[in-house]
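Here is a walk through one protein model, taken region by region. Keep the viewer open and follow each stop in turn.

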Amino acid sequence: MQLFHRSHRLSASFEETNLVSVAGLVPAMALAVRTGLSDLADEWLTLPSYFGANAGLKVTALVAGMLAGADSIDDMALLRHGGMKKLFAGTYAPSTLGSFLRAFTFGHVRQLDAVAARWLVGVAAVTPITAGIDEYALVDIDDTIKEVHGYQKQGSGYGYSGVRGLNALIGVVSTATAAPIIVGSRLRKGATGSPRGAGKFVGDVLATVGRLRSKTASGLVLLRADSAFYGHAVVAAAHRAGAKVSITARMDPAVKRTIATITENAWTTIQYTDAIRDETTGQWISSAEVAEVAFTAFSSRKKAERIEGRLVVRRIPELNGFEGDGQPTLFDTHRFHAFFTTSELDTVTADKTHRQHAIIEQINADLKDSALAHLPSGVFTANAAWLVLATIAFNLSRAIGTLAGTELGKARSGTIRRKLINIPARISTSARKIVLHLPEHWPWETGWKALFAGACGPPRTVTI
């Protein structure tokens with residue numbers, strides 16, 4: 001592409017008062033208001049002083065900025081360009097929103113958690129973001145380190161990743177038909193160990209999942225996690241909430257002894273990396289195999305605290321040679337990966353389901369590519385509130401994607417932003433009616449119209 005060959009002179013000026021660059025915020029924030037985000041923030045947030053006033057407007061303003069691509073407090077200035085004030089109320093200055101975030105204490109962050117959980121129930125009632133959750137719900141938890149720079153970030157430190165940062169604990173839920181949404185988050189100090197506070201977090205996450213399910217739901221709820229969360233607190237919290245678990249087990253002596261009891265004829269070949277299916281027998285030709293054995297977790301604790309289940313073990317050949325060995329081993333050696341589960345899934349299905357826990361890494365990457373690209377404040381509680389708001393923005397982008405059609409129902413936040421949010425529009429008014437004039441031949445016009453009709457119907461002014 002190049003400039004038109006007849007254009008010998010160009011000029012530019014920032015003077016148009018009827019243009020906006022993020023017309024997709026109109027249906028997006030209409031959906032947020034319709035599902036009660038602003039009202040819930042006004043009801044639950046009790047921040048004192050001047051900066052705590054109009055909490056609902058400020059929360060929705062921050063979420064709107066994140067939807068449009070803001071990843072720092074200064075970026076919230078994009079809410080104040082062109083004709084934004086003709087479409088929205090509450091287009092606060094970045095300095096005001098920054099002061100609002102810095103007014104948060106730990107208790108206020110927990111209040112914002114309550115807002116996020118209750119709002120999610122409202123969104124799920126009008127959009128299919130949790131379709132099928134009554135029949136089958138997969139809950140994943142994981143933590144990730146968000147790198148920060150400088151010594152003025154409260155709580156920053158060196159964790160398991162070896163980089164200086166803050167630790168974000170995330171919980172998501174997905175179903176057989178719906179993409180993952182975030183049902184819980186916690187910001188922790190950078191040097192915090194993964195399992196710290198995980199038991200309480202699991203209880204809160206599963207309580208939110210319970211609100212998303214109907215009272216008559218009886219389908220499986222399965223909590224998946226890696227070995228960092230293999231502990232009594234997490235498994236017991238899931239057990240109390242009525243959920244099953246599928247958690248990678250650490251190779252401690254008890255697990256090793258249990259694996260050693262598996263007989264050679266108990267192993268079943270599975271589909272794995274580089275596997276092919278035999279056309280004659282229909283069996284998989286693969287180097288990976290699985291087996292299971294009964295297992296009692298936490299047997300060192302008192303009898304009432306032990307949890308019965310089974311150990312599902314996957315083994316693959318050990319391909320890494322030992323230094324100094326001049327000849328191959330007499331017997332094949334294997335690498336073992338075991339996880340503890342209390343579900344009733346068969347061995348092969350349980351293994352395949354457990355491996356899909358890696359889906360949460362996509363959510364971590366999505367957040368870091370969007371609002372969580374930075375933790376913008378030096379105040380820890382302000383960053384904790386920022387994380388919760390980022391999860392609200394993520395879930396809202398998922399909701400508007402589902403309204404726009406099946407093509408965008410599982411799209412990343414960046415894709416939603418590019419196709420549905422960051423659309424330029426010219427504003428005109430006639431007989432007290434606001435009209436948005438959008439670009440002709442917009443490639444995703446059909447999806448945007450479906451979103452607009454589903455979120456707000458006829459054009460109207462919405463509050464952010």
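Start at T127, in the loop between α6 and β3 (136–147). The model is a predicted one. T127 has a relative accessible area of 4%. Buried means under 20%, so T127 counts as buried. Its side chain reaches the backbone oxygen of V123 at 2.8 Å. Which residues does T127 contact, leaving aside its neighbours within four places in sequence? They are L31, A399, T402 and L403.

Helix α2 spans residues 37–44, and its buried residues are L37, S38, L40 and A41. What do the buried residues of α2 pack against? Their partners are α1 (25–34), α3 (55–67), α6 (106–126) and α12 (380–404).

Now select L311. Leaving aside neighbours within four places in sequence, its contacts include A249, V255, T258 and I259. A291, E292, V293 and F295 are also among the contacts of L311. A338, F339 and F340 belong to the list of L311 contacts as well.

Next come the aromatic rings. A pair of aromatic rings is described by the distance of the centres and the angle of the planes. The structure holds seven aromatic pairs. One of them joins W267 and F336, with 6.1 Å centre to centre and 45 degrees between the planes. This W267 and F336 pair is tilted. W267 lies in the loop between α9 (253–260) and β9 (268–269), while F336 lies in strand β14 (residues 334–341). The pair therefore ties together parts that are 69 residues apart in sequence. Are its two members buried or exposed? W267 is buried, with a relative accessible area of 11%. F336 is partly exposed, at 36%.

Compare the geometry of W442 and W444. Their ring centres are 5.7 Å apart and their planes stand at 70 degrees, so the pair is edge-to-face. W444 is partly exposed, with a relative accessible area of 26%.

Rings also meet a lysine here. Over the faces of which rings does K58 lie? One is Y50, with K58 at 5.9 Å from the ring centre. Another is Y92, with K58 at 5.5 Å from the ring centre.

The last stop is S287. Where does S287 lie? Its place is the loop between β11 (284–285) and β12 (289–297). S287 has 42% relative accessibility, so it counts as partly exposed. Y272 is 15 residues from S287 in sequence, and their C-alpha atoms are 7.9 Å apart in space. Beyond neighbours within four places in sequence, S287 is in contact with R315, I316 and P317.

Terms used: Residues are numbered from 1 along each chain as its sequence is written. This is a predicted model: local features need pLDDT of at least 70, side-chain atom pairs count only at pLDDT 80 or more; totals for chains, interfaces and linings use all residues. Side-chain values use heavy atoms; hydrogens and water are left out. Helices (H or I, at least four residues) and strands (E, at least two) are DSSP runs, numbered from the N terminus. Buried means under 20% relative accessible area, exposed over 50%, partly exposed in between (1.4 Å probe, protein chains only). Contact means heavy atoms within 4.5 Å. Rings of Phe, Tyr and Trp (its six-membered ring) pair if their centres lie within 6.5 Å; planes under 30 degrees apart count as stacked, over 60 as edge-to-face and the rest as tilted. A charge sits over a ring if NZ of Lys or CZ of Arg is within 6 Å of the ring centre and within 35 degrees of the ring normal. A polar contact is a pair of N or O atoms within 3.5 Å; within protein, one must be able to donate a hydrogen and the other to accept it, and residues adjacent in sequence count only if both atoms are side-chain atoms.
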